[in-house]
Amino acid sequence: MYKLEKKTIIPVNINEAWSFFSDPLNLDLLTPDDMGFQIISTELSPMYPGQIIQYIVRPFLNIPMKWTTEITQIHAPDFFIDNQITGPYSIWHHQHFFKQIDSNHTEIKDLLHYKLPFGILGEWVHYLFVKNRVQEIFEYREKKLLHLFSS
């Protein structure tokens with residue numbers, strides 16, 4: 001099992017941050033263009049526990065992969081959790097935490113636990129490709145958040 005933790009402080013209050021993150025359609029804005037991210041099914045409403053979101057991603061070599069996640073827990077505006085149901089990982093458990101720093105700043109903390117399939121082969125692939133790719137995705141997300149909310 002692998003773990004990634006990322007904290008970003010954005011210049012908005014917690015309610016504005018929650019409003020942005022609770023709209024599944026904003027996932028596209030936070031995903032690098034080269035991943036070919038495309039939502040293929042979700043309700044056009046703010047997220048709720050039990051919500052299923054399906055999308056196509058192209059994480060490696062432009063090969064499309066279907067990915068399905070479920071929003072399993074929500075405690076607005078403090079946190080939500082999504083888990084992969086089907087997709088490239090054997091486990092993907094992503095916790096999103098929001099903490100008001102002051103009246104105009106919110107800390108967003110991502111805590112991700114994930115595991116690849118295929119045992120030792122999966123570990124090798126993680127070491128060679130996946131680890132850096134996951135880190136790049138979260139670095140992109142941080143830059144994009146700062147750009148979107150600093151404007």
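Let me start with a pair: Glu 142 and Lys 6 form a salt bridge, with the closest N and O atoms 3.0 Å apart. Glu 142 sits in helix α2 and Lys 6 in strand β1, so this pair ties together parts that are 136 residues apart in sequence. By salt bridge I mean a side-chain nitrogen of Lys or Arg within 4 Å of a carboxyl oxygen of Asp or Glu. Helices (H or I, at least four residues) and strands (E, at least two) are DSSP runs, numbered from the N terminus.

Ground rules. This is a predicted model: local features need pLDDT of at least 70, side-chain atom pairs count only at pLDDT 80 or more, and totals for chains, interfaces and linings use all residues. Residues are numbered from 1 along each chain as its sequence is written, and side-chain values use heavy atoms, with hydrogens and water left out.

Now the overall layout. We have two helices and seven strands. Along the sequence, the pattern is β-α-β-β-β-β-β-β-α. The C-alpha atoms fill a box of roughly 50 × 30 × 25 Å along the principal axes. Of the 151 residues, 38% are buried. Buried means under 20% relative accessible area, exposed means over 50%, and partly exposed is in between (1.4 Å probe, protein chains only).

Back to salt bridges. How many does a search of the whole structure find? Five. One of them joins Lys 109 to Glu 5, closest N and O atoms 3.6 Å apart. Lys 109 is in strand β7 and Glu 5 in strand β1, 104 residues apart. Lys 109 is partly exposed at 23% relative accessibility. Glu 5 is also partly exposed, at 40%.

Next, Arg 133 and Asp 34. Their side chains meet in a salt bridge at 2.9 Å, N to O. Arg 133 lies in helix α2 and Asp 34 in the loop between α1 and β2 (38-41), so the pair ties together parts 99 residues apart in sequence. Arg 133 is buried, at 13% relative accessible area. Asp 34 is exposed, at 53%. Asp 34, Arg 133 and Glu 136 are linked in a network of salt bridges.

On to helix α2 itself. Where does α2 bend? At His 126, by about 60 degrees. That angle is between axes fitted to the seven residues ending there and the seven starting there. Its buried residues include Gly 122, His 126, Val 130 and Phe 149. The buried residues of α2 pack against β1 (2-10), α1 (14-21), β6 (91-102) and β7.

Take Phe 149 in α2. Phe 149 is buried, with 17% relative accessible area. Leaving out residues up to four places away in sequence, Phe 149 touches Ile 10, Pro 11, Val 12 and Phe 20. Contact here means heavy atoms within 4.5 Å.

Two backbone points. A cis peptide bond joins Ala 76 and Pro 77, with omega about -5 degrees. Pro 77 lies in the loop between β4 (65-75) and β5 (79-86). Then Phe 118: its phi is positive, about 75 degrees, although Phe 118 is not a glycine. Phe 118 lies in the loop between β7 (105-115) and α2. Phe 118 is exposed, at 68% relative accessible area.

Last item, the surface. Phe 118 also belongs to a nonpolar surface patch of about 1200 Å², whose other members include Phe 60, Trp 124 and Phe 129. Patch residues have over 30% relative accessible area and no salt bridge; like charges are joined within 9 Å, nonpolar side chains (Val, Leu, Ile, Met, Phe, Trp, Tyr) within 5 Å. Areas come from the Shrake-Rupley method with a 1.4 Å probe; for residues, only the protein chains shown count as cover.
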